[in-house]
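Have a look at the fold before reading on.

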Amino acid sequence: MALQRIEEFYPNYREEIFAGDDIKGFDVYAGDSDEKIGSIYDALVDETGRFRYLVIDTGIWIFGKKVLLPIGSARFDYGARRVYATGLFSKAQAEQLPAYNELESVDYDREEQVRDVYRGTTAPETASALSTPNYDSSNYSYDLDRPLYETNEQNHQTLKLYEERLIANKNRAKTGEVAVGKRVETEIARASVPIEKERVVIERVTPVEAGRVVSVGAVDFQSGEVARMEVYEETADIHKEAYVREEVSVRKEVVRSTVDGEETLRREELDIKTDGTPVVDNKI
């Protein structure tokens, strides 16, 4: 049963609960007297948003000590901006209460110390029933101390009815990072190029007219006569060159989906009980 300051649970509590007003700063008086014992410093609610305590700053009454007052032990006078601590009657009683420190959480043990002081101010049958408690932090319920936490029309002139509503929000969180780079890979490439080489073939044959006698004047004997023929061959030219293979563009796109969720919502309704035959005009 973790307790929170009212502003932590209801950031807009002034408009949501008190119609633009603020109970902080209301003067607090002991019992039903005109003895001022301090002012409201803050209010504490439980995990469901229900009021459990008022934080009273006792000022010079007990040298600035802050104490907790169960909401059922308070009577509000909104017109006069006053709160009457019906369960807190004397300075001696207030001195028995543990001091409230907003930097420390109010746990079950601290609440029990507070309740023990106020239980003596409840009805005798209630106090005797709680004199030997059969509960602990694991099974305690505020319903066991109804007089301390129960609100009513007599003591609380403005009663707020609360309703839970489902709020669907979304948070943007980084889920990862993609880095796109490039690396160099090597491979052995082989290429075959057919090449041609020219060669000179000299064939020596015996002509058909071999042995035929010719006249001396018909033959021109010359020395140094040369027949020339150019010879070519191909050589392989295998080399490498770089070229653009592909282009990579990096972008991101938003993929939208819908996440469904469900919660059990609670709503407070008025429970009106009448005794006899009174006329009740229940206006909404």
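## The big picture

Keep in mind that this is a predicted model. The protein has six helices and seven strands, and reading along the sequence you get β-α-α-β-β-β-β-β-β-α-α-α-α.

Of its 284 residues, 25% count as buried. The accessible surface comes to about 23200 Å², with 47% of that belonging to carbon and sulfur atoms. Take the contacts between residues at least 6 apart in sequence: 60% of them join residues at least 24 apart.

## Strands around β7

Strand β7 (residues 82-85) has partners in β2 and β6. With β2 (residues 27-30) it pairs in the parallel sense, over four bridges; here Ala30 has Ala85 as its bridge partner. With β6 (residues 74-77) the pairing is antiparallel, again through four bridges, and Phe76 sits opposite Val83.

β6 and β7 form a hairpin with four residues between the strands, where Arg81 takes a positive phi near 55 degrees.

## The nonpolar core

The largest nonpolar core has 44 residues, and Ile40 and Leu54 have the most contacts inside it. Elements giving two or more residues to this core include β2, β3 (36-45), β4 (51-57), β6, β7 and α4 (108-119).

Which residues does Leu54 touch, leaving aside its neighbours within four places in sequence? Among them are Ile23, Ile40, Val67, Leu69, Phe76 and Val83, along with Asp42.

## Helix α4

## Other salt bridges

The whole structure holds 20 salt bridges. Lys36 forms one with Asp27, the closest N and O atoms being 3.1 Å apart. Lys36 is partly exposed at 44% relative accessible area, and Asp27 is partly exposed too, at 24%.

Glu150 and Arg146 meet at 3.8 Å, N to O; Glu150 is partly exposed at 42% and Arg146 at 44%. Then there's Arg183 with Glu185, where the closest N and O atoms are 2.7 Å apart. Buried or exposed, for Arg183? Arg183 is exposed, with a relative accessible area of 70%, and Glu185 is exposed as well, at 59%.

Definitions and conventions
Residues are numbered from 1 along each chain as its sequence is written. This is a predicted model: local features need pLDDT of at least 70, side-chain atom pairs count only at pLDDT 80 or more; totals for chains, interfaces and linings use all residues. Side-chain values use heavy atoms; hydrogens and water are left out. Two strands pair if DSSP finds at least two bridges between them. A nonpolar core is a set of buried Ala, Val, Leu, Ile, Met, Phe, Trp, Tyr and Cys residues joined through side-chain atoms within 4.5 Å. Buried means under 20% relative accessible area, exposed over 50%, partly exposed in between (1.4 Å probe, protein chains only). Contact means heavy atoms within 4.5 Å. Accessible areas come from the Shrake-Rupley method with a 1.4 Å probe; for residues, only the protein chains shown count as cover. A salt bridge is a side-chain nitrogen of Lys or Arg within 4 Å of a carboxyl oxygen of Asp or Glu.
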